[in-house]
Amino acid sequence: MLLTLHKREEALGRGAPVVYLCALALSLCVCALMLALAGKPALGGLAVLFRGAFGQTHALLDALLKAIPIFLCSLGVALSFRMQIWNIGAEGQFALGAVGATWAALTFGGQPAVVLMPLMLLSALILGALWGLIPAWLRLRLGVNEIISSLMLNYVGILVLEYLVFGAWKDPLSFGFPMSPEFPPAAQLSRIWPGVLGKLHWGLLACPLAGVAYSVFLNRTRLGFELAACGEGERVARYARLPYGFLVLLVMGLGGALAGLAGSIETSATLGRLQPTLMVGYGYTAIVVAWLARLKPWPIAFTAFLLAALRVGVEAMQLELQIPAAFGQIMEGAILLCVLAGQFFLTYSVSLKRARPAAPKASPQPEEAQA
Amino acid sequence: MRNSLDLHDPDIGPVDVLPLVRLAGVTKRFGHVVANDCISLSIMPGRIKALLGENGAGKSTLMAMLAGRFMPDEGHIEVAGKRMAFSSSRQAIAAGIGMVYQHFMLVEDMSVAENVLLGQEGGFVLDPKAMRATVAELAARFGLAIDPAARVGDLSMGERQRVEILKLLHRKSHVLIFDEPTAVLTPGETEALFEALRNMSAQGKAIVFISHKLEEVLSVADEIAVLRKGRIEGEFLASEVSSPADLARRMVGRDVLLTVEREPVEPGPLVLSVRNLSMQGAGGALLDDVSFDLRQGEVLGVLGVGGNGQQQLVETVCGLIRPESGQLDLLGHNWDKFYEHHDWDGALAWVPEDRSGLATCRALDLTDNLLLTTREGFSRGIWLDRARARKAAQEIVLAHNVQPGRIDLQAWQLSGGNLQKFVLGREMRRHPRLLVAEQPTQGLDIAATEAVWQLLLKARQSTGVLLVTGDLTEALLLSDRILVLYRGRVMGLFPASDKAQVERIGSMMAGLS
């Protein structure tokens with residue numbers, strides 16, 4: 001028997017959700033296998049995961065809370081992925097956004113919220129954007145691969161954050177812990193409805209705003225169209241006289257600004273100060289989300305929530321089954337690989353054929369016999 | 001067995017020797033395109049067979065089938081009289097058929113001897129000295145000068161090619177196929193390669209040499225098969241070829257199958273003026289002192305065998321390459337000024353050779369592909385009016401009968417002919433005064449070809465058309481004047497009605513003035 005592949009002439013319509021569900025199921029099987037290998041109850045572990053993630057209201061609210069930075073970072077990287085620019089640097093841009101917000105909060109601490117909040121936001125957006133523009137500039141000027149440079153800048157960004165909280169911005173009252181002083185109340189985003197919605201804060205509002213802006217930008221503006229057209233390659237861009245270099249700068253700048261926005265919301269709303277525990281890998285999860293959602297805004301929102309819930313569920317597994325935190329990353333990886341592999345079947349169909357031996361054949365082959 | 005096709009043309013090769021490889025009525029289709037159409041060829045031991053043809057003529061597909069990369073849709077391959085069906089290149093190699101690709105497949109960090117014997121070591125323990133001796137002996141036998149101990153990464157392209165050849169020889173290949181082997185070589189290395197080819201064929205190997213360069217084919221081949229549009233156009237002994245011009249004409253086609261109505265159009269103002277345009281490449285001049293004018297209302301056919309400077313000329317005219325030396329004026333402005341204030345409408349339109357991947361984006365639908373070059377016409381400020389663009393795309397689809405008539409299809413879902421009609425329709429919406437059309441009917445079926453020709457002739461009423469083509473029929477049918485390019489030089493520039501000059505086009509294309 002021989003497996004043969006054919007490119008589909010028509011896009012897969014109703015079969016596509018089936019493909020995704022199968023991929024998801026397969027990734028769960030992989031995870032169960034991993035649990036079994038680690039000597040933990042496989043099915044029981046997954047049950048804990050699901051109960052931990054979706055079983056209680058506070059877990060769902062926690063997932064929603066975690067989905068905010070993931071969603072914003074994911075929109076940012078999706079923008080650059082649209083034109084095949086691979087911005088892996090959301091994590092670093094997120095860190096710089098947090099640094100920017102902290103700088104404004106500490107410098108203009110006496111100002112009222114209406115002045116202070118915009119200042120924090122602005123400096124976060126600017127620093128995040130600048131951090132994204134570095135790999136863009138390196139790529140355009142020196143031909144440096146942006147995957148490598150943006151990835152490496154993540155570590156630099158985190159080190160910048162740590163340098164500040166271990167040094168210049170260290171809180172004198174922190175007993176030696178690396179953290180900035182707590183922000184003045186005017187610099188802290190308040191909660192929406194503390195009694196009912198838990199820790200959920202007004203930063204949530206940024207998500208629909210950013211999502212709508214993303215959608216409108218891509219579908220209704222000329223630049224958005226030019227971006228998608230550039231995704232087909234630099235050669236097409238040159239043919240159609242698209243402003244390729246400008247667009248690279250634009251997507252990397254905007255992507256950095258979105259990640260910076262996420263960073264400022266995270267520092268201001270959930271921690272109320274800058275500290276290294278802020279960096280939990282939202283910027284990397286965002287890349288997985290963007291891919292799984294195929295760069296579309298609604299699926300990005302949905303997937304960001306799912307992967308955030310996964311994080312919450314894994315926390316429950318850690319508590320109940322003493323499973324290492326890295327299991328969350330393994331799950332993320334398994335889902336990503338299975339879905340990406342599954343997407344192969346959206347473009348190709350597979351069929352079984354009788355193998356044809358290479359040895360000389362005396363008898364004519366079946367098709368030829370009919371001819 | 002199927003009814004046998006008569007392959008033994010008595011004129012070709014010694015009849016008493018059995019062919020090493022025989023292709024019998026081999027056909028290969030990709031979608032609607034027939035890449036190889038019922039091709040029959042015999043490859044004889046001790047002979048060098050050249051496969052001559054333009055880009056897209058089907059040479060590489062044919063050889064890929066021999067090398068086991070594709071299976072023929074119809075027909076079959078015989079090796080030493082036995083019918084074979086290769087489903088992988090491994091099987092082809094086992095049957096003694098080896099191919100030297102344009103891109104070498106070597107491990108740069110390994111020595112020549114290690115590369116040659118890679119996967120053929122025959123045991124767990126390696127003996128570098130014996131390996132080097134084996135390779136040195138093999139190289140000496142076939143006259144391939146190489147140091148078996150040298151690191152491949154340090155070698156020149158010509159030397160790397162020798163390593164590839166040695167790999168095949170070591171695997172006891174009887175048939176060696178070379179795909180455009182001289183493309184990466186310097187003239188000196190080319191001569192050395194030809195010497196090695198003669199040497200190998202003298203020792204009984206069958207050589208297949210794929211090329212579109214006439215002079216090379218004539219200097220090295222014993223037999224020449226001309227491939228055009230997927231068919232064998234003719235097969236000759238090299239000694240019988242009296243005029244290279246004839247070979248060139250066969251390569252680009254001389255048969256006028258179709259006619260189109262041409263109404264005379266009064267020439268208008270000058271739209272393109274090229275003066276002494278030259279461009280240097282690594283291997284010599286790519287464009288050499290090219291000068292010509294083009295007026296509105298006229299089609300200028302730029303004719304030549306592929307790779308003789310057409311690409312550089314088009315990319316310069318269309319703004320991708322800034323002219324190095326010489327003067328290029330578009331619509332009365334010099335190149336810099338024209339491209340500084342490039343206007344999408346009423347200026348220049350370009351229908352490139354690569355219609356899916358350059359002229360269109362494969363994964364965008366027809367509306368977006370319309371917007372690709374006309375987006376300025378559908379935008380107000382920063383906004384894009386997609387609804388209006390959809391209507392315009394629908395108009396193009398209707399006006400030019402673009403099948404299957406749906407604008408929500410992505411470009412890759414259209415056949416080449418329909419996509420080309422759409423591209424032409426789109427470019428004409430830009431009201432160009434200068435239209436550059438590059439190989440506009442390559443790979444199209446007859447109906448689509450005719451439609452494209454009609455469109456181009458209609459376009460000429462309002463524009464000057466620079467038609468770059470390798471197809472003589474097309475050039476003669478459409479052009480008012482013809483310019484022949486050879487190695488970046490203008491070999492001739494004359495009215496298409498000049499019978500005497502038209503007769504000489506073949507020799508001009510072959511570089512014989």
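**Figure 1. Helix H1 of chain B and the glycine just after this helix, in the predicted model.** Just after H1(B), Gly68(B) takes a positive phi of about 85°. The helix itself, which runs over residues 59-66 of chain B, is mostly covered, with seven of its eight residues buried. The buried positions of H1(B) are Lys59(B), Ser60(B), Thr61(B), Leu62(B), Ala64(B), Met65(B) and Leu66(B).

**Figure 2. The side of chain B that touches chain A.** Chain B contributes 26 residues to the contact, and chain A contributes 19 residues. On the side of chain B, at least two residues each are supplied by strand S5 (82-84), helix H11 (366-374) and strand S18 (383-384). Of the elements of chain B, H11(B) gives the largest share of the side that touches chain A, namely four residues. Sorted by class, this side of chain B has 15 nonpolar, five polar and six charged residues.

**Figure 3. Overview of chain A.** The secondary structure of chain A comes to 15 helices and two strands, and the C-alpha trace of the chain spans about 90 × 60 × 35 Å along its principal axes. Of the 371 residues of chain A, 43% count as buried. When contacts in chain A between residues at least 6 apart in sequence are considered, 77% of them join residues at least 24 apart.

**Figure 4. Crossing of helices H1 and H14 of chain A.** The axes of H1(A), residues 15-37, and H14(A), residues 326-347, come within 8 Å and cross at roughly 145°, and H1(A) passes H14(A) in a right-handed crossing. The residues that H1(A) brings to the contact include Ala16(A), Val19(A), Tyr20(A), Cys22(A) and Met34(A), while those from H14(A) include Ile330(A), Met331(A), Gly342(A), Phe345(A) and Leu346(A). By class, the contact of H1(A) with H14(A) has 19 nonpolar and two polar residues, with no charged residues.

**Figure 5. Crossing of helices H8 and H9 of chain A.** The axes of H8(A), residues 206-220, and H9(A), residues 222-230, come within 5 Å and cross at roughly 75°, which means that H8(A) is roughly perpendicular to H9(A). The contact is made by Phe217(A), Leu218(A), Asn219(A) and Arg220(A) on H8(A), together with Gly224(A), Leu227(A) and Ala228(A) on H9(A). These residues divide into four nonpolar, two polar and one charged.

**Figure 6. The largest nonpolar core and the surroundings of Leu72(A).** The largest nonpolar core has 254 residues, and those with the most contacts inside this core are Leu72(A), Cys73(A), Phe209(B) and Leu467(B). Helix H3 of chain A, residues 57-82, provides the largest share of the core, with 14 residues. Leaving aside its neighbours within four places in sequence, Leu72(A) is in contact with Ala206(A), Cys207(A), Ala210(A), Leu258(A), Ala259(A), Leu261(A) and Ala262(A).

**Figure 7. Glu182(A) in a loop of chain A.** Glu182(A) is found in the loop between helix H6 (146-166) and helix H7 (194-197) of chain A. This residue is partly exposed, because 16 other C-beta atoms lie within 10 Å, a count between the limits of 12 or fewer for exposed and 20 or more for buried. Leaving aside its neighbours within four places in sequence, Glu182(A) is in contact with Gly272(A) and Arg273(A). From C-alpha to C-alpha, Glu182(A) and Pro276(A) are 14 Å apart in space, although these residues are 94 residues apart in sequence.

Terms used
Residues numbered from 1 in each chain as written. Chains lettered and ligands numbered in written order. Predicted model: local features only at pLDDT ≥ 70, side-chain atom pairs only at ≥ 80, totals over all residues. Axes fitted to C-alpha atoms, helices over the stretch in contact; angles between N-to-C directions. Left-handed = near helix turned anticlockwise from the far one by under 90°. Contact = placed C-beta atoms within 7 Å. Nonpolar A, V, L, I, M, F, W, Y, C, P; charged D, E, K, R; others polar. Parallel < 35°, antiparallel > 145°, perpendicular 65-115°, else oblique. Core = buried A, V, L, I, M, F, W, Y, C linked by C-beta atoms within 7 Å.
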